[in-house]
Amino acid sequence: MKGDGCFERGLLRKVEPSLAKGNQSLIQAGDWLSEAEKNLQAEAYRSALSSAYSAIFHSARAVLFGDGVWEKSHYCRRSGLLDYAVFRMIAVLTACFPH
């Protein structure tokens with residue numbers, strides 16, 4: 001996992017895992033996804049895209065909270081956060097569904 005040096009610079013850091021914060025982020029992700037669907041139906045495509053991005057962001061953040069990773073940088077939210085979360089999701093799926 002790359003992370004663009006975010007761990008090394010302290011912009012992503014290990015903390016106590018928090019399922020409560022992870023669940024909170026999943027609720028927010030669901031809210032943003034509903035918002036994206038409403039925007040899409042209203043043909044408000046830019047708003048739909050923005051809302052969908054927020055849903056993805058909060059989903060990725062839920063993975064990080066569960067693993068005990070906290071981010072404190074907009075750059076690392078975009079770069080390191082999603083990079084780490086995708087890496088972690090692949091690891092979880094691989095463990096659940098071995099070849």
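Of the protein's 99 residues, 31% count as buried (under 20% relative accessible area, with a 1.4 Å probe and protein chains only). The model is predicted: local features need pLDDT of at least 70, side-chain atom pairs count only at pLDDT 80 or more, and totals for chains, interfaces and linings use all residues. Residues are numbered from 1 along each chain as its sequence is written, and side-chain values use heavy atoms, with hydrogens and water left out.

Three helices and two strands make up the secondary structure, in the order β-α-α-β-α. Helices (H or I, at least four residues) and strands (E, at least two) are DSSP runs, numbered from the N terminus. Among contacts (heavy atoms within 4.5 Å) between residues at least 6 apart in sequence, 69% join residues at least 24 apart.

Helix α1 covers residues 19-41. Its 23 residues should span 33 Å at 1.5 Å a residue, and the end C-alpha atoms are 33 Å apart, which agrees. The expected span is 1.5 Å times one less than the number of residues. E43 follows α1 and has a positive phi, near 60°.

The buried residues of α1 are G22, S25, A29, A36 and N39. Their cover includes α2 (45-67). The axes of α1 and α2 come within 7 Å and cross at roughly 165°. The two helices are therefore roughly antiparallel (over 145 degrees). Axes are lines fitted to C-alpha atoms, for helices over the stretch in contact, and angles run from 0 to 180 degrees between N-to-C directions. Contact residues include W32 and L33 of α1 and H58 and F65 of α2.

Definitions and conventions
Buried < 20%, exposed > 50% of the residue type's maximum accessible area, 1.4 Å probe, protein only. Parallel < 35°, antiparallel > 145°, perpendicular 65-115°, else oblique.
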